[in-house]
Amino acid sequence: MTAVALGLPRVRPAGAPSTLGRPDTDALVDRYGRVAHDLRVSVTEKCSLRCTYCMPAEGLPAIPRDDLLTPAEIGRLVGIGYRLGIRDVRFTGGEPLMRPDLAEIVRRSRAAAPGVRISMTTNAIGLDKRVGELVDAGLDRVNVSLDSIDRRHFAELTRRDRLPQVLAGIRAALDAGLSPVKLNAVLMPETLAGAADLLAWAVEHGCRLRFIEQMPLDADQNWDRAQLVSAERLLDVLGERFDLTPVGREDPSAPAEEWAVDGGPATVGIIASVTRSFCGDCDRTRLTAEGTVRSCLFGNEEVDLRALLRSGGATGSAGAPGTHVPDGGASDAQIVAAWQAAMWAKPFAHGLDRGAPDAGAVGGPADDPEAFARTERSMGAIGG
Ligand code: SAM
Ligand code: SF4
């Protein structure tokens, strides 16, 4: 079994990264001045599909149940994140719908952080049966992954013949008013020929489609820069059928550049994570399903918050007045300090600190599309 299949990054003891030079602020700031407002929470490694660009055919090794964060632990961390400036929380995985207690996770997060927008990235299988309880619990939006509208092609890409279930899930999300429903499609040589059909379907059904350049985060490690379908190539293909007008980004930290389709109001987005890297504006922080903070998709260092949540108890100044100290766990202040330290150590870009302003490099990481550090965890194990 490979290191990727095992998915074993280097987990530091909580609080270990240096905070030398960190300003006195609650915010989750890093050494390059970026501030995290967007929290991705992976809730499971399990999935009902096996997309070739993400999972191995046999799935990821199972995480022991006791190692997964509980709904109460997730709710507590979301509440702490909210006090540190998090404004968007997105549940992901693996497939979040594989967790039977997902509504409880959403409910606890909503209660702990009433002002955040809560969304989920999902393949939508089974969403038709659960969308009601999720909306009642406080879910605001969904992003559904859909790479092809052709059933045979979908089955090849995902190694499962489940397109009808995905479409039922999307319909249920639309009916429940979870708008806008965004669709994510990973851009690969295989998806290019059907890209215009997928866009036509999205426009017809009132969904906002975004294409994502494939990143080297597949568990099988088949990613090859030479095979990458660029945003430019996709625009050429879509341009043969649609009139596309650039309309920019929703906001500067939004990863997708948008184009109006046939004069609008429908749009199509492209997340050019490889050819037009947006690391300089990254405002994300991630929690893995086992409760480690990951400051960057491509950094292998993680800080273990679960160990703190389940540790023997708060001590000294960490238990200062006004901080929450649950029975038998660390105080909020201890968790805050560990999370802030993890984010202070966030690398500059995909290639870690290559191209960073203080590394004396000429040009930024966008000039160096090869600068991807290989990760020990795949996308399904990190939480995309
Ligand atoms: N199972 C859910 C889903 O597919 O939406 C959530 C987890 S999935 C890992 C989150 C997102 O990561 C999906 O939109 C998926 O397409 C994307 N993804 C997975 N592997 C990727 C890769 N190698 N490059 C770019 N995006 C990837
Ligand atoms: Fe599962 Fe999502 Fe990965 Fe596809 S992209 S295998 S649906 S986790």
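A residue is called buried if 20 or more other C-beta atoms lie within 10 Å of its own, exposed if 12 or fewer do, and partly exposed in between, with C-beta atoms placed from the backbone. The legends below describe a predicted model, in which local features need pLDDT of at least 70 and side-chain atom pairs count only at pLDDT 80 or more, while totals for chains, interfaces and linings use all residues. Residues are numbered from 1 along each chain as its sequence is written, and chains are lettered from A and ligands numbered from 1 in the order in which they are written.

**View 1. Annotated cysteines in the loop between E2 and H2.** Cys 54 has 23 C-beta neighbours inside 10 Å and therefore counts as buried. Cys 47 is also classed as buried, because 22 C-beta neighbours lie inside 10 Å. Cys 47 belongs to the loop between strand E2 (38-42) and helix H2 (71-83), and Cys 54 is placed in the loop between E2 and H2. Helices (H or I, at least four residues) and strands (E, at least two) are DSSP runs, numbered from the N terminus. An unreviewed UniProt entry carries the annotation "binding site" for Cys 47, Cys 51 and Cys 54. UniProt positions follow the numbering used here, feature names are shortened, and annotations may be inferred rather than shown by experiment.

**View 2. The surroundings of ligand 2.** Ligand 2 is surrounded by 12 residues, the closest being Cys 47, Leu 49, Cys 51, Cys 54 and Asn 123. A residue is near a molecule or strand if its C-beta atom, placed from the backbone, lies within 6 Å of it. The shell around ligand 2 consists of 5 nonpolar, 5 polar and 2 charged residues. In this grouping, Ala, Val, Leu, Ile, Met, Phe, Trp, Tyr, Cys and Pro count as nonpolar, Asp, Glu, Lys and Arg as charged, and the others, Gly among them, as polar.

**View 3. Strand E2 and its partners.** Strand E2 is largely enclosed by the rest of the structure, because 4 of its 5 residues are buried. E2 runs parallel to strand E3 (residues 88-92), to which 5 bridges join it; Asp 38 has Asp 88 in E3 as its bridge partner. E2 also runs parallel to strand E11 (residues 284-287), with 4 bridges between them, and Leu 39 is paired there with Thr 285. Two strands pair if DSSP finds at least two bridges between them.

View 4. Most residues other than glycine have a negative phi, and most peptide bonds are trans. Ala 124 is not a glycine, yet has a positive phi of about 75°. Ala 124 lies in the loop between strand E4 (117-122) and helix H4 (127-137), and is buried because 28 C-beta neighbours lie inside 10 Å. Arg 159, likewise not a glycine, has a positive phi of about 60°. Arg 159 is located in the loop between helix H5 (151-158) and H6, and is partly exposed, with 14 other C-beta atoms within 10 Å.

**View 5. Two cis peptide bonds.** The peptide bond from Ser 179 to Pro 180 is cis, with omega near 0°, and Pro 180 is in the loop between H6 and strand E6 (182-187). Gly 264 and Pro 265 are joined by a cis peptide bond with omega of about 5°. Pro 265 sits in the loop between strand E9 (257-261) and strand E10 (267-271).
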